[in-house]
Amino acid sequence: DLLVRGNYVKEKIKKNSVILNITSNKADCIIGYTAFLKKNLCQILLDHSFEISYVNKIIKEYKPNYIFAPNNFNFGDKYVKKIISFKNYVLFEESKINTLKINKLNSLLLTTSGSTESPKFVRFSHNNIKNNVQSICENLSINAKHTTITTMPMAYSYGLSIINTHLFKNGTII
């Protein structure tokens with residue numbers, strides 16, 4: 001289901017896009033996250049608990065082409081075009097074409113300041129993510145028989161590494 005729905009999402013996204021992913025530990029969110037990684041786009045992860053004023057600040061500063069968010073988020077008139085709607089998540093497209101140049105090495109932007117909501121991000125390339133996941137799996141001997149629980153938000157590096165490693169090894173995530 002993850003792969004089928006992820007491929008469906010991937011087909012709807014234009015190349016060279018920036019996606020703001022308002023994350024939660026729900027299957028729909030992980031489907032979007034993995035689809036965006038596979039398409040090799042620039043993805044900004046923010047936790048769903050952040051204040052809407054902070055989210056709007058990030059939207060204004062980074063001008064994402066798409067927002068993938070819980071279906072109860074409201075971004076105003078700028079993001080009203082719904083591309084995909086799942087049970088818990090919706091993919092919105094920017095009504096104007098974004099012509100910003102994107103550094104194609106950037107695959108993921110993670111906030112460094114979780115609770116302070118200061119717009120500082122760490123940039124990760126696709127290779128950074130892959131090497132990190134492989135290293136963690138090797139050092140912790142994670143394999144397909146392992147099961148984990150996602151209690152930490154996926155917009156934080158530790159929570160995301162739990163998800164990434166278990167997806168990479170075909171483990172189970174609860």
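The model is predicted: local features require pLDDT of at least 70, side-chain atom pairs count only at pLDDT 80 or more, and totals for chains, interfaces and linings use all residues. Residues are numbered from 1 along each chain as its sequence is written, and side-chain values use heavy atoms, with hydrogens and water left out.

**Sheet**

- Seven strands form an open sheet of mixed pairing, in the order E4-E5-E3-E1-E2-E6-E7.
- Helices (H or I, at least four residues) and strands (E, at least two) are DSSP runs numbered from the N terminus, and two strands pair if DSSP finds at least two bridges between them.
- Strand E4 (81–85) and strand E7 (121–124) stand at the edges with a single partner strand each, so one side of each has no neighbour in the sheet.
- From one strand to the next, the twist averages 25 degrees.
- Strands of a sheet pair through backbone hydrogen bonds, either parallel or antiparallel.

**Strand E6 and its partners**

- Strand E2 (residues 42–47) pairs with strand E6 (residues 108–111) in the parallel sense, over three bridges.
- Within this pairing, Leu 109 of E6 is the bridge partner of Ile 44, and Leu 110 of E6 is the bridge partner of Leu 45.
- The pairing of E6 with E7 is antiparallel and runs over four bridges; here Thr 111 stands opposite Phe 121 in E7.
- Both faces of E6 are covered, with Leu 108 and Leu 110 buried on one side and Leu 109 and Thr 111 buried on the other; buried means under 20% relative accessible area, computed with a 1.4 Å probe on protein chains only.

**Helices H4 and H5**

- The axes of helix H4 (residues 126–140) and helix H5 (residues 157–168) come within 9 Å and cross at roughly 80 degrees.
- H4 is therefore roughly perpendicular to H5, a term that covers angles of 65 to 115 degrees.
- H4 contributes Ile 129, Val 133, Gln 134, Ile 136 and Cys 137 to the contact, and H5 contributes Ser 161, Asn 164, Thr 165 and Phe 168; contact means heavy atoms within 4.5 Å.
- The residues of this contact comprise five nonpolar, four polar and no charged.
- Axes are lines fitted to C-alpha atoms, for helices over the stretch in contact, and angles run from 0 to 180 degrees between N-to-C directions.

**Asn 106**

- Asn 106 lies in the loop between strand E5 (89–93) and E6.
- Asn 106 is buried, its relative accessible area being 13%.
- Not counting residues up to four places away in sequence, Asn 106 touches Leu 41, Cys 42, Arg 123 and Phe 124.

Technical notes. Buried < 20%, exposed > 50% of the residue type's maximum accessible area, 1.4 Å probe, protein only. Parallel < 35°, antiparallel > 145°, perpendicular 65-115°, else oblique. Nonpolar A, V, L, I, M, F, W, Y, C, P; charged D, E, K, R; others polar.
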